[in-house]
Amino acid sequence: MTKQEFINELESKLSRLPQKEASERISFYCEMIDDRIEEGLSEEDAVADIGTTDEIASQIVSEIPLSKLVTNKVKPKRALRAWEIVLIAVGSPIWITLLAVAFAVIITLYAVLWVLVVCAWAVFASLAACAPAGIALCVIFIVSGNLTTGLAMLGAGLVCGGLAIFAFIGSKAATEGVVLLTKTVILGIKHCFVKKEEA
């Protein structure tokens with residue numbers, strides 16, 4: 001692929017981005033290709049060395065704040081007509097309420113996910129605290145002459161310690177999963193705002 005073909009393809013993939021952002025990124029990749037050519041690579045090798053336009057476009061979209069993409073997408077392309085303004089105003093009690101409810105449901109579901117993660121960490125903390133407490137109680141009971149209860153406390157402490165290890169692994173995985181889900185959802189929303197409209 002030549003430099004011009006690469007730039008044309010990248011421009012096409014970034015056409016739904018804010019104009020300033022797209023032109024800055026395209027200029028950056030033009031300079032990057034030129035630098036590689038100056039270092040002795042052929043034009044095709046310089047372009048191939050950078051990566052595919054799909055990878056680059058996806059990276060660029062992930063770096064641009066969601067607020068910029070939303071602002072660019074909802075900015076009207078033309079002035080609204082009087083009848084459109086009237087329809088928006090008359091329908092506002094319905095669509096504002098529906099938007100508020102949808103937003104509240106989404107935020108609630110997201111909060112529930114984090115509450116479950118916090119609960120998992122609380123279980124881990126409880127088990128981790130019970131392990132040394134069980135061992136300490138074992139010593140206290142054995143010293144006071146209650147060998148059976150002391151051994152039971154030792155067993156309980158060891159079981160809690162083992163369960164704490166599993167709880168830590170599960171809590172860590174749950175946290176990473178929710179963080180990954182958050183990143184994936186945000187990136188998906190960004191791609192919805194950047195996706196080319198069908199003709």
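**Surface patch and salt bridges**

Tyr110, Val112, Leu113, Leu116, Leu181, Val185 and Ile189 make up a nonpolar patch on the surface, with about 560 Å² of accessible area together. The model is predicted, so local features need pLDDT of at least 70 and side-chain atom pairs count only at pLDDT 80 or more, while totals for chains, interfaces and linings use all residues. Residues are numbered from 1 along each chain as its sequence is written, and side-chain values use heavy atoms, with hydrogens and water left out.

Nonpolar patch

- Areas come from the Shrake-Rupley method with a 1.4 Å probe; for residues, only the protein chains shown count as cover.
- Helices H6 (82-143) and H7 (147-194) each supply at least two patch residues, and H6 gives the most, with four.
- Leu116, in H6, counts as exposed because its relative accessibility is 54% (exposed is over 50%, buried under 20%, partly exposed in between; 1.4 Å probe, protein chains only).

Salt bridges

- There are three salt bridges (a side-chain nitrogen of Lys or Arg within 4 Å of a carboxyl oxygen of Asp or Glu).
- Lys3 pairs with Asp34, their closest N and O atoms 2.8 Å apart; this links helix H1 (residues 3-13) to helix H2 (residues 19-38), across 31 residues.
- Asp49 and Arg36 form a salt bridge at 2.2 Å between the closest N and O atoms, joining helix H3 (residues 43-50) to H2.
- Glu176 and Lys172 meet at 3.3 Å, N to O, and both lie in H7, four residues apart.

Helices (H or I, at least four residues) are DSSP runs numbered from the N terminus.

Note on methods
Patches are made of residues with over 30% relative accessible area and no salt bridge: like charges are joined within 9 Å, nonpolar side chains (Val, Leu, Ile, Met, Phe, Trp, Tyr) within 5 Å.
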